[in-house]
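User: I have a model open and want to go through its contacts and packing. Can you take my questions as they come?
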Amino acid sequence: MGFLDRFESAVEKGVQGAFSRIFRSALKPVDVTSAVRRAMEDHVQEYSRDRAVAPNHYTVRVAPSDMKNLQEMGLDILSSEVEKSARDHAEENNFALVGPISVNFEAGEEELTGQVEVQVETERGAVAPATSQVASESNPIIDVEGERWLLTEPVTILGRGADADITINDSGVSRRHLELRKTPDGVIASDLGSTNGLYVEGHKV
């Protein structure tokens, strides 16, 4: 290869490199999902051979331009899907969770274009997604609309309101509908003055 050929090749590579930096590929939902899963694995805390606790709060930081694209796709839907993917990943790897998984988005610097930064935290809640099939006396498991929850605190509130420990998206459910209280004799369910009441096997409680 002659000098001019080498020169043209170098110029071509330089131009391609410059344009690849300018026109980075748009961030895709699968990129966010993968980044959150990696962050979970990187920050798991092992307390014993049989217990490893994964973070449950994830802050996803992306470039403003990527944030705009994700918002157009539907940020609420994306957050929900990434949270579900993270719960599945924890269950597949037998990672314990001490509270519900939440995924929030923040706009970072524009230089993050096409990239994802994830900040993690671990925060105990009244309930946590059940990643094991086996319940215990201290941490019973309940099934709500197909999702299994581990009761980690003495009292758990179910309802339609955002302040409920387990939120049920049903117009027939009051904002604070039901209380579950752990006792030495088991879990006691109490109606909290809901509009439609509480029924067990057709009988009002």
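User: Glutamate 147: buried, exposed or partly exposed?
Analyst: Glutamate 147 is partly exposed, at 35% relative accessibility. Keep in mind that this is a predicted model.

User: What does the side chain of glutamate 147 meet in a salt bridge?
Analyst: The side chain of arginine 87, at 3.7 Å from N to O.

User: How many salt bridges does the structure hold?
Analyst: Five. One of them is between glutamate 117 and arginine 61, with 3.7 Å between the closest N and O atoms. Glutamate 117 is in strand β5 (residues 117-121) and arginine 61 in strand β3 (residues 57-62), so here the parts tied together are 56 residues apart in sequence.

User: How accessible is arginine 61? And glutamate 117?
Analyst: Arginine 61 has 21% relative accessibility and counts as partly exposed. Glutamate 117 is partly exposed too, with a relative accessible area of 38%.

User: Which residues are linked with Arg61 in a network of salt bridges?
Analyst: Glu106 and Glu117.

User: What about glutamate 179, which residue does it form a salt bridge with?
Analyst: Arginine 181, with the closest N and O atoms 3.3 Å apart. Glutamate 179 is buried, its relative accessible area being 14%, whereas arginine 181 is partly exposed at 38%.

User: Switching to sheets. What is the strand order in the open sheet of four?
Analyst: The order is β10-β9-β11-β12, with mixed pairing. At the edges are β10 (166-167) and β12 (186-191); each has a single partner strand, so one side of each has no neighbour in the sheet.

User: How many bridges join β9 to β11?
Analyst: Four, between β9 (residues 155-159) and β11 (residues 178-183), and the two strands run antiparallel. Threonine 156 has leucine 180 in β11 as its bridge partner.

User: And which strand does β7 pair with?
Analyst: β7 (residues 141-144) pairs with β8 in the antiparallel sense, over four bridges. Isoleucine 141 has leucine 150 in β8 as its bridge partner. The two strands form a hairpin with two residues between them. In the turn, glutamate 145 has a positive phi of about 55°.

User: How does β6 run against β8?
Analyst: Antiparallel, with three bridges joining β6 (residues 127-129) to β8. Valine 127 is opposite leucine 151 in β8.

User: Alanine 128 is in strand β6 as well. Is it buried or exposed?
Analyst: Alanine 128 is buried, with a relative accessible area of 0%. Not counting residues up to four places away in sequence, alanine 128 touches Leu97, Val98, Gly99, Pro100, Arg148, Trp149, Leu150 and Thr152.

User: On to packing. How many residues are in the largest nonpolar core?
Analyst: The largest nonpolar core has 24 residues, and Met40, Tyr58 and Phe105 are those with the most contacts inside it. At least two residues of this core come from each of α2 (29-42), β3, α3 (64-73), α4 and β4 (102-107). There is also a second, separate core of 12 residues, which includes Val127, Leu151, Val173 and Leu178.

User: What is methionine 40 in contact with, leaving aside its neighbours within four places in sequence?
Analyst: Ala54, Pro55, Tyr58, Ala86, His89, Ala90, Phe95 and Ile101.

User: Which residues of α2 are buried?
Analyst: Val32, Thr33, Ala35, Val36, Ala39 and Met40. Seen down the axis of α2, these buried residues fall within an arc of 165°, so they line one face of the helix.

User: What do the buried residues of α2 pack against?
Analyst: They pack against β3, α4, β4 and β5.

User: Last one: how far does α2 reach from its first C-alpha to its last?
Analyst: α2 has 14 residues and reaches 20 Å, close to the 20 Å expected at 1.5 Å a residue.

Technical notes: Residues are numbered from 1 along each chain as its sequence is written. This is a predicted model: local features need pLDDT of at least 70, side-chain atom pairs count only at pLDDT 80 or more; totals for chains, interfaces and linings use all residues. Side-chain values use heavy atoms; hydrogens and water are left out. A salt bridge is a side-chain nitrogen of Lys or Arg within 4 Å of a carboxyl oxygen of Asp or Glu. Buried means under 20% relative accessible area, exposed over 50%, partly exposed in between (1.4 Å probe, protein chains only). Two strands pair if DSSP finds at least two bridges between them. A nonpolar core is a set of buried Ala, Val, Leu, Ile, Met, Phe, Trp, Tyr and Cys residues joined through side-chain atoms within 4.5 Å. Contact means heavy atoms within 4.5 Å. The expected span of a helix is 1.5 Å times one less than its number of residues. The arc is that of the directions from the helix axis to the C-beta atoms.
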